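Let's take a walk through a protein together, one piece at a time. Have the sequence and the 3D view open, and follow along as we go.

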Amino acid sequence: IDPGAEVLLAPPEPDAPGTPSKAKPEETLELFVFPTVEGLTRATEDELRAAGFGYRAKFITGSAAMLAAKDEGGDNFLWQLREVGSDEAVNALIELPGIGPKVAACVALFSLDKHELIPVDTHVWQIAVEHYTPELADKSLTPKVHAAINEAFETRFGPFAGWAHNILFVSHLREYNKRLPEHLQSPPTPSPNAKAAKRKEHAKALKAKAARAGAAEEEAPEPKKAKKKPGTTTKTAKAQGKAKTGAKKPRAKAAEAGVGAAATEAKASGA
């Protein structure tokens, strides 16, 4: 265990003699490690359903059995996926029961060091359509669209696009989105499962918005440049500026001398 974690998880020191104990004896902290593939093979689908995994229970038992049947062992097989490319890792994970492109990208991003992968769900699709790929607004969330969104994020954020996506994903959730400044809040966007007519209508609105933004940029007046006097060069202007600055210095010195003389007279009068 990490030394820092060991300190945090250590039981509290006993109270000094004569002081009442603040700890409640019924409060305990239980910690569990993530199960190994071998450990998962011992769990039944009924046990997992009883633990709250619902329909995913059969996928867990099926994946555990399939991994355990690997010649190199399930744990070794998963470790080896860190050493291969992103596409190869995702394709290997998709072969397991119940794992599609989104879940495979999640596993690869968070557990296999594939930092550029984007798990695309409804929220991520909405973010992409609103900011990066408006041309996909009337498309369904197919593997081809998933790949296009991943490419758009990677182009925008680079080799760690997956972690940038994670921040954007959280900010898009209603609970957190409403905490952002109003101009950063995401407007309602139909999901990729919405009716085609609704998605096309939204796509049309996005294109109109982009066209208005482009027109506004074209109509914006160019910043005015400072006019130079005829026959004046940059060097001449600098020389004139220095001359003016230098001309002020004698006046300043004269003013300082006058103040000093007045102060001397005042002292003499007081004496």
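Our first stop is S86, which is found in helix α6. Helices here (H or I, at least four residues) and strands (E, at least two) are DSSP runs, numbered from the N terminus. Before going on, keep in mind that this is a predicted model, where local features need pLDDT of at least 70 and side-chain atom pairs count only at pLDDT 80 or more, while totals for chains, interfaces and linings use all residues. Residues are numbered from 1 along each chain as its sequence is written, and side-chain values use heavy atoms, with hydrogens and water left out.

So, is S86 buried or exposed? S86 counts as buried, because its relative accessibility is 14%; buried means under 20% relative accessible area, exposed over 50%, and partly exposed in between (1.4 Å probe, protein chains only). If you leave out residues up to four places away in sequence, S86 touches K114, E116 and L117. Touching, or contact, means heavy atoms within 4.5 Å.

Now zoom out. The protein has 13 helices and zero strands. Of its 271 residues, 23% count as buried. Take the contacts between residues at least 6 apart in sequence: 53% of them join residues at least 24 apart.

Next, the inside. In soluble globular proteins, nonpolar side chains tend to be buried together. A nonpolar core is a set of buried Ala, Val, Leu, Ile, Met, Phe, Trp, Tyr and Cys residues joined through side-chain atoms within 4.5 Å. Which residues touch the most other members of the largest nonpolar core? They are L81, L93 and L112, out of 15 residues in that core. Helices α6 (86-94) and α7 (101-111) each supply at least two residues of this core, and the largest share, four residues, comes from α6. Apart from this core lies another one, of 13 residues, with V120, I127, A137 and F153 among them.

Most residues other than glycine have a negative phi. The phi of D113, though, is near 65 degrees, a positive value in a residue other than glycine. D113 is partly exposed, with a relative accessible area of 43%.

Now for some helix packing. Helix α8 (residues 122-131) and helix α9 (residues 143-157) pack at an angle of about 60 degrees, with their axes 11 Å apart. Axes are lines fitted to C-alpha atoms, for helices over the stretch in contact, and angles run from 0 to 180 degrees between N-to-C directions. That is why α8 and α9 are oblique to each other: angles under 35 degrees count as roughly parallel, over 145 as roughly antiparallel, 65 to 115 as roughly perpendicular and the rest as oblique. The contact brings V124, W125, I127 and A128 of α8 to V145, I149 and F153 of α9. By class, this contact of α8 with α9 has seven nonpolar, no polar and no charged residues; Ala, Val, Leu, Ile, Met, Phe, Trp, Tyr, Cys and Pro count as nonpolar, Asp, Glu, Lys and Arg as charged, and the others, Gly among them, as polar.

What about the loop between α8 and α9? T133 lies there, and T133 counts as buried at 3% relative accessibility. Beyond residues up to four places away in sequence, T133 touches A128, I149 and A152.

Let's bring in helix α10 (residues 161-172), which packs with α9 at an angle of about 100 degrees, their axes 9 Å apart. These two helices, α9 and α10, are therefore roughly perpendicular to each other. Here F153, E154 and F157 in α9 meet A161, A164, H165 and L168 in α10. Sorted by class, the contact of α9 with α10 has five nonpolar, one polar and one charged residues.

Helix α10 also packs with α8, at an angle of about 100 degrees and with axes 10 Å apart. Their contact is made by H123, V124, Q126 and I127 of α8 and H165, L168, F169 and H172 of α10. By class, that contact of α8 with α10 has four nonpolar, four polar and no charged residues. To finish, find F169 in α10. F169 and H123 are 46 residues apart in sequence and 6.5 Å apart in space, C-alpha to C-alpha.
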